[in-house]
Amino acid sequence: MKFRVHRRFPAFNHLNRFSNLNVFQSHRINPSFLKKLHTSFSTKASLNDGHNSSSSNGNTFLLPGATVATILMFGALHARRLYDDRKVEEAKERGIEPGFQPDAKASFLNILPLRTISRIWGSLMSVELPVQMRPYVYKAWARAFHSNLEEVALPLEEYPSMRDFFSRGLREGCRPIDNDPQCLISPVDGIVVRFGELKEPGAMIEQVKGFSYSVSTLLGLNSFLPMVSGKDVVQKNGEVEDSHKDQIKKSWWRVSLSSPKIQDPIPASPMKGLFYCVLYLSPGDYHRVHSPVDWNVLVRRHFSGRLFPVNERATKTIRNLYTENERIVLEGQWQQGYLALAAIGATNIGSIELYIEPELRTNRPSKKFLQFEPPEERIYEREGVGFMVKKGEEVAAFNMGSTVVLVFQAPVAKSSKDKASSTDFRFNINRGDRIRVGEALGRWKD
């Protein structure tokens with residue numbers, strides 16, 4: 001049985017190709033003819049899909065355009081930041097300290113859910129890495145943030161995740177402890193941001209030139225920070241003011257028309273011999289916190305606050321940076337009196353581990369939305385003397401770079417009229433110095 005097929009039927013166009021195959025074989029095909037043939041097919045295809053191709057081309061060029069614009073924007077912002085940092089370095093070389101300058105970036109950080117972002121980032125950093133990839137990942141991190149891998153206690157393959165690598169320990173002997181009983185050692189590896197003696201009313205610490213924060217706010221209102229009542233401080237000045245007020249007589253209309261005046265409370269002043277030191281830990285530093293002296297930890301407070309970055313740029317643009325961020329405060333007593341250590345969290349992970357209280361968890365989801373949460377406080381009552389911690393003993397650990405603030409009493413001359421004697425406490429550091437665990441922050445003599 002034979003079938004007749006119409007040559008123009010579209011389903012059997014391939015039959016025409018095979019029937020004319022001998023024509024292509026018998027004649028030599030001109031290359032220009034093939035080029036024209038290819039051009040004609042391309043033209044027909046573009047005409048048939050005119051509408052679809054126009055829309056697809058628009059989508060094709062839209063994505064690269066947005067990507068290029070984003071890259072240019074971030075490049076411009078980075079160039080501006082480099083320019084500003086260069087100006088700051090030039091000012092420091094001339095001895096000019098930059099002041100507090102809030103910017104749009106600081107306002108934008110107030111909107112971001114930094115605590116949630118930090119928890120997500122912490123979950124990612126806790127993911128276990130393949131054993132073969134671990135050395136390459138950790139070495140890349142060390143090159144980027146100038147970490148010393150020769151001090152690492154374990155082989156790089158034995159750190160399952162980036163989080164474990166952040167809080168890594170060191171080989172024995174890498175951080176010798178200064179055992180001089182008349183010295184106070186650095187609790188962390190970091191950079192000296194600020195230090196000095198608390199003298200001003202309210203016990204203020206300068207965050208940056210032109211802006212300060214209260215130590216009482218940093219440590220908590222229930223802190224037993226040694227302070228002197230404001231009435232005692234201004235007693236002599238008050239007597240002079242009273243004698244001056246007796247000479248002033250107010251008329252009846254002035255008293256009746258004037259608004260009632262409420263006397264502002266006089267801020268308390270710190271006792272003589274109360275010092276402070278602020279140390280910043282960069283992401284590449286050793287992240288564990290050690291005890292600066294032999295002392296008894298009596299109270300622990302956990303403030304569930306924000307998680308702003310705490311780098312140098314943030315201190316110049318964010319108000320009350322250290323008192324706004326999440327932090328753990330330890331208070332106690334040592335041989336010279338009061339001692340407090342504040343471990344301040346920062347953006348990314350935001351986790352602070354307390355070795356003397358392993359069950360404590362930081363950066364937890366907030367129970368109350370847009371409401372102030374009072375600090376969680378725990379009083380250590382082991383044997384009635386608190387929790388004993390030895391000098392150089394590990395106390396806590398950060399999972400990223402952050403800041404530690406020390407507030408402590410140290411020996412000084414009893415009378416303010418006496419000049420600084422050899423028995424007074426003196427710092428051995430300068431601002432901007434890099435210091436390591438176990439090195440002396442300051443010394444005194446018996």
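Predicted model: local features only at pLDDT ≥ 70, side-chain atom pairs only at ≥ 80, totals over all residues.

**Helix α7**

- Helix α7 comprises 12 residues, 134-145. From its first C-alpha to its last it reaches 17 Å, close to the 16 Å expected at 1.5 Å a residue.
- The buried residues in α7 are Arg134, Pro135, Tyr138, Trp141 and Ala142. Viewed down the helix axis, the buried residues of α7 fall within an arc of 130 degrees, so they line one face of the helix.
- An α-helix has 3.6 residues a turn, so residues three or four places apart point the same way.
- Tyr136, Arg143 and Ala144 are exposed, on the other side of α7.
- Helix α8 (162-166) is included in what covers the buried residues of α7.

**Sheet β8-β15-β12**

- An open sheet is formed by 3 strands in the order β8-β15-β12, with antiparallel pairing. Its edge strands are β8 (288-290) and β12 (352-354), each of which pairs on one side only.
- From one strand to the next, the twist averages 20 degrees.
- Strand β15 (residues 394-398) and β12 pair in the antiparallel sense over 3 bridges. Leucine 354 is positioned opposite alanine 396 of β15.
- Strands of a sheet pair through backbone hydrogen bonds, either parallel or antiparallel.

Definitions and conventions:
Residues numbered from 1 in each chain as written. Heavy atoms only, no water. Helix = DSSP H or I, 4+ residues; strand = E, 2+ residues; numbered from the N terminus. Expected span 1.5 Å × (residues − 1). Buried < 20%, exposed > 50% of the residue type's maximum accessible area, 1.4 Å probe, protein only. Arc of directions from axis to C-beta. Contact = heavy atoms within 4.5 Å. Pairing = 2+ DSSP bridges. Axes fitted to C-alpha atoms, helices over the stretch in contact; angles between N-to-C directions.
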